Amino acid sequence: MTFIGLREGSRGPKVEYLQSILNKLGFNAGNVDGIFGSRTAAALRRFQKSAGLSQDAIIGENTWNALLPYLQGYFVYTVKQGDTYYKLAKRFNTTVVRIENANPGIDPNNLQIGQEIIIPLFSQTIPTDIHYGYEFMEFNLKSIEKRFPFVELFSIGKSVLGKNLYGVKIGNGNKEVFYNASHHANEWITTVVMMKFIEQFCNAYITEGTLAGENAVNIFETATIYIVPMVNPDGVDLVTGFYPRGSDVWNNAYSLNNGEPDFPDNWKANIKGVDLNLNYPAGWEEARAYKFSLGYTSPRPFGYVGPYPLSEPETQAIAAFTENHSFRLILAYHAQGQLIFWKYKNYNPPNSYQIALEFAEVSGYTISETPPEMGNAGYKDWFIQEYNLPGYTIEVGLGANPLPISQFNEIYKDNVGILTIAPLLA
């Protein structure tokens, strides 16, 4: 990721991210609106002045290099004579614990002059006030991996357009659980929920603290949490503006829109026009019959089940990842409705309803059963049918998708308890 080239007149998600970080650093870029106007330019000049740079309000290489440590939440430091972790923590307004955990292979009592170490600057780096796309997620995940080396980052496959379907592993316990988000493109706010949870959990773990009232070390040692934060990166990037109007990807998707209103905000499908949460084998034929009766017979923004179950690289990857693990519980995050869907047909996995009650208690959400005509071919449905184990679709927030990012803080507050206690209940 880079912001090089941004200047007054630029627009889009990267401008939002720039405005967000300038505000975080106290340079007052004003509203995070994705429009690089005079106020953003003035804020950037103030940052450039503080960094001893030319005050041209343009993101060139030097300005980008000065911004980068604050965006990624750490910088690489070369050890000098007399340095200790304690002195470095005081100098850079961080903590010894953060430095120690970011450098597990280095003896803090025997620092070597010229040695490079990671100095974490912030405990929280995930922007929660911007349109959040794949490039930002990838950047943030690699930052988390640097600051918290006990986190394992990997890819479970590729999207239609070749983006990594990133997975995250946290913990080393025997109980495996799996969370995923953004099967649906215009529900991308759920990815931000996952990203903030990952970072918050890591911070609680290294400080031997709690999250949602639960001991993070205990969870880490008794469970292993796997997370795929963005199942549908191509679709998310269409909705969040990373494929601008008139680009090839935008035009190809628009050709499938069939006159539906609010494009691309209405887009739930992957970039081929297949609704990924209607592409799993559980009741796929029933889902096909129902959706075809509504006229959803070909690729489109939502509602098309695909030519056959698991026809898409994204659903193939999620299914294979599931089959290669022993998950005792899964959470599939969607928007909207403040609902917890816990059942598929007449399957009743042991403790499933009791766990749903616990989730409802910590979130304030309502337990619900999916309407019969709609309750097929989703990931949760397939997991329950295949394994007879607890699986849940969590519908966050209220309103029309894509939910405004202004709802994020409330959504996260409602859901951090679910995400934290799920490994303990599995």
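The lining of the largest cavity has, by class, four nonpolar, two polar and two charged residues. Here Ala, Val, Leu, Ile, Met, Phe, Trp, Tyr, Cys and Pro count as nonpolar, Asp, Glu, Lys and Arg as charged, and the others, Gly among them, as polar. The residues in question are Arg98, Pro120, Phe122, Ser123, Arg147, Phe148, Asn203 and Ile206. About 40 Å³ of space lies in this cavity.

The model is predicted: local features need pLDDT of at least 70, side-chain atom pairs count only at pLDDT 80 or more, and totals for chains, interfaces and linings use all residues. Residues are numbered from 1 along each chain as its sequence is written, and side-chain values use heavy atoms, with hydrogens and water left out.

A cavity is a set of points, on a 1 Å grid over the protein atoms alone, where a 1.4 Å probe fits but cannot get out; a pocket is an open set with protein on both sides within 12 Å along at least five of seven lines, and lining residues have an atom within 4 Å of a point. Grid points are joined across faces, edges and corners, and a volume is the space filled by probe spheres set on the points.

The largest pocket has a volume of about 720 Å³. Its lining consists of 33 residues, and His184, Lys268, Asn277, Met374 and Glu395 lie nearest the centre. By class, 11 are nonpolar, 13 polar and nine charged. At least two lining residues come from each of α11 (284-293), β9 (327-335), β10 (339-341), α14 (379-387) and β12 (391-396). Helices (H or I, at least four residues) and strands (E, at least two) are DSSP runs, numbered from the N terminus.

Eight strands form an open sheet with mixed pairing, in the order β3-β4-β8-β5-β9-β12-β10-β11. Its edge strands, β3 (152-158) and β11 (366-368), each pair on one side only. Two strands pair if DSSP finds at least two bridges between them.

| Strands | Sense and bridges |
|---|---|
| β5 and β8 | parallel, six bridges |
| β5 and β9 | parallel, six bridges |
| β10 and β11 | parallel, three bridges |

Within these pairings, Phe178 has Tyr226 in β8 as its bridge partner, Glu176 has Phe327 in β9, and Ile340 stands opposite Ile367 in β11.

Seven of the seven residues of β5 are buried, so this strand is largely enclosed by the rest of the structure. Buried means under 20% relative accessible area, exposed over 50%, and partly exposed in between (1.4 Å probe, protein chains only). Lys175, Val177, Tyr179 and Ala181 point one way from β5, and Glu176, Phe178 and Asn180 the other way.

Ser182 lies in the loop between β5 and α7. This residue counts as buried because its relative accessibility is 1%. Its contacts (heavy atoms within 4.5 Å) include Trp188, Pro229 and Tyr333. Phi of Ser182 is near 60°, a positive value in a residue other than glycine.

Ala212 also has a positive phi, of about 50°, although it is not a glycine. Ala212 sits in the loop between β6 (210-211) and β7 (214-215) and is partly exposed, with a relative accessible area of 41%. Most residues other than glycine have a negative phi, and most peptide bonds are trans.

A cis peptide bond joins Phe263 and Pro264, with omega about 0°. Another joins Ala335 and Gln336, with omega about 20°; Gln336 lies in the loop between β9 and β10.

Key
Lists of a residue's contacts leave out its neighbours within four places in sequence.
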